[in-house]
Amino acid sequence: MKWSVKWFLFLFLFLASQAIFAEGPQSTPSIFAPASTPANSIYELSLFVIAITGGIFVTVGSLIAWAAFRYRQHGQDDTSEPAQIYGSTQVELAWTVIPILIVVVLFLTTARVIFAIQDAPKPKSALDVTVVGHQYWWEFNYPKLGIHAVNELHVPLSDADHPTPTYLTLLSADVMHSFWVPQLSGKTDLVPNKVNHLWIDPHHPGLYVGQCAQFCGVEHAKMLLRVYVDTPEQFAAWVKNQQQQAVNDPKVAEGRHVFETQACMNCHTIAGTAATGRFGPDLTHLMSRDTLASGATSNTPDHLREWIRNPDTFKPGSLMPAMQLSDQQLDQVTAYLSTLR
């Protein structure tokens with residue numbers, strides 16, 4: 001089997017396998033499993049570019065292989081140099097005009113996709129979310145709903161019967177970050193002192209993963225993204241829970257006292273308490289999240305205790321310091337935070 005045929009077969013099988021992922025959420029960062037209109041446009045553009053560049057690769061590779069085989073050295077050949085040809089107008093025009101045409105086609109096609117996404121009209125039913133990138137976590141503010149969420153973004157399903165796209169306003173609190181959930185959209189940077197925008201309209205409920213795509217410091221690799229696409233009923237229930245004040249359970253009053261008398265309250269907010277710090281994530285509904293430390297580990301009481309005791313266990317280089325609490329204080333604070341659902 002010729003290499004060109006093998007290559008085409010490989011490309012076909014690869015794209016066919018990716019097409020299997022194209023239906024529904026897969027919790028994969030693959031751009032070949034789109035689940036939103038912007039991501040699907042980028043997916044189709046990618047296939048077009050791969051087809052053109054793949055054709056160039058196969059054509060050039062085949063010509064090189066043919067020339068190497070056709071003009072290989074034989075035992076009876078002399079070692080003199082073959083006749084050289086200079087100044088062929090036809091050849092020079094071909095290798096100049098054809099690449100220019102290919103570049104122009106790729107440029108115009110890419111520009112058309114970019115402007116189609118950017119200029120899409122915003123419906124009245126759209127949900128607005130302001131995304132703020134921090135070293136090394138995400139802040140999600142829903143201005144019309146009065147919700148301040150952290151690290152895990154919840155958005156409603158947007159289908160033909162209930163078009164509810166989510167429009168994201170992207171800001172940075174410190175250095176450059178980049179919001180990228182490949183199944184939902186292309187990546188867009190969060191630049192200090194600049195406002196960028198992005199929109200998504202997920203077609204299937206489920207979990208979609210991504211991460212910061214701009215190197216932003218030591219813990220950039222663990223600045224992960226989790227986007228939960230909820231059905232209308234699930235999203236309404238999530239909104240109702242997030243709009244509640246923090247749980248105030250008298251059984252864990254000692255832990256709350258430790259939290260409010262240590263440095264914890266200087267960095268974190270817990271609605272309805274004296275803790276109003278803004279440097280770290282809002283903890284009002286901490287245990288409603290599936291993960292800790294921006295996706296670095298699962299959210300369990302044991303992991304929470306270890307995270308408070310020594311954040312470097314899960315996230316070396318984290319800006320949260322080890323709190324130097326006694327074992328009793330650790331147990332009390334963990335018990336208190338575990339009630340914040």
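## Ground rules

Residues are numbered from 1 along each chain as its sequence is written. As the model is predicted, local features need pLDDT of at least 70 and side-chain atom pairs count only at pLDDT 80 or more, while totals for chains, interfaces and linings use all residues; side-chain values use heavy atoms, with hydrogens and water left out.

## What the search finds

Searching the whole structure turns up two cavities of 30 Å³ or more. A cavity here is a set of points, on a 1 Å grid over the protein atoms alone, where a 1.4 Å probe fits but cannot get out. Its volume is the space filled by probe spheres set on the points, which are joined across faces, edges and corners.

## The largest cavity

At about 70 Å³, the largest cavity is lined (an atom within 4 Å of a point) by A149, V150, E152, H154, W238, Q242, S288 and R289. Elements giving two or more residues to this lining are β3 (147-150), β4 (152-156) and α4 (232-242); helices (H or I, at least four residues) and strands (E, at least two) are DSSP runs, numbered from the N terminus.

The lining splits into three nonpolar, three polar and two charged residues. Nonpolar means Ala, Val, Leu, Ile, Met, Phe, Trp, Tyr, Cys or Pro, charged means Asp, Glu, Lys or Arg, and the others, Gly among them, are polar.

## The second largest cavity

This one has a volume of about 60 Å³. Around the second largest cavity sit W137, E139, H148, A149, V150, R278, G280, P281 and D282. Both β2 (137-142) and β3 give two or more residues to its lining, with the largest share, three residues, coming from β3. By class, the lining holds four nonpolar, two polar and three charged residues.

Technical notes: 1 Å grid on protein atoms, 1.4 Å probe; cavity = no way out; pocket = protein on both sides within 12 Å on 5 of 7 lines; lining within 4 Å.
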